[in-house]
Amino acid sequence: MCFFFKRFYLPVIIFMMTGCRFSHKEPSPNHEARQETVVIQGNVKNGAGEPVYLDEIAPREFIPVDTVYCNEEGEFSIRFATNRTAFYALRSTLKGYVTLLLEPGEKVRFSGNLEAVHPYSIKGSEGSELIRELSAEHKRVIDAMAEISRKNRASLHHPDYQSIKLQLDRTFDSLASA
């Protein structure tokens, strides 16, 4: 398990720490940091009339930034001013959210189904694109591990359980070493 932790969770922790350093930039003492507008244009599949929420992700809470409603085609637009890079949660319900890493002045294009969270596409924000890639890979690995667990439970009473388990262990090891 320790090897698995190092291969999958340690890079995530390092990434999050590296990303967080951007949100702690202090403005020069001689002037205030200039605020720039971030624009998120989006389309939510089957989202006609549905609310879309944007919250800043703070250390112990989500801070509401804006709430908008999708038009008949499921399109929405959010605009807000900020002077720093920060993590945000984009969601339409409490079932899940998409994590964004937004910088001042970015013009972002989102497309997806916020009810299902995955898959979705994001353009115009390098940090958010990297988070999407990481999230997609994490989901792939978690889904593959769930399938290994399901197969293991289903074969517990099979006469060839030992050989089946050996194959499942190999599959798990290949996931952990990728």
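In the protein, 53% of the contacts with a separation of 6 or more are between residues 24 or more positions apart, a contact being heavy atoms within 4.5 Å. The model is predicted: local features need pLDDT of at least 70, side-chain atom pairs count only at pLDDT 80 or more, and totals for chains, interfaces and linings use all residues. Residues are numbered from 1 along each chain as its sequence is written, and side-chain values use heavy atoms, with hydrogens and water left out.

The secondary structure consists of three helices and eight strands, in the order α-β-β-β-β-β-β-β-β-α-α along the sequence. Helices (H or I, at least four residues) and strands (E, at least two) are DSSP runs, numbered from the N terminus. Of the 178 residues, 33% are buried; buried means under 20% relative accessible area, exposed over 50%, and partly exposed in between (1.4 Å probe, protein chains only). The accessible surface of the protein is about 11,400 Å², and carbon and sulfur atoms hold 55% of that surface. Accessible areas come from the Shrake-Rupley method with a 1.4 Å probe; for residues, only the protein chains shown count as cover.

Arg91 lies in strand S5, which spans residues 86–91. With a relative accessible area of 17%, Arg91 is buried. The side chains of Arg91 and Asp55 are joined by a polar contact of 3.2 Å. A polar contact is a pair of N or O atoms within 3.5 Å; within protein, one must be able to donate a hydrogen and the other to accept it, and residues adjacent in sequence count only if both atoms are side-chain atoms.

Asn46 belongs to the loop between strand S1 (36–44) and strand S2 (51–57). Asn46 is exposed, at 70% relative accessibility. Asn46 and Gly74 are 28 residues apart along the chain, and their C-alpha atoms are separated by 6.3 Å.
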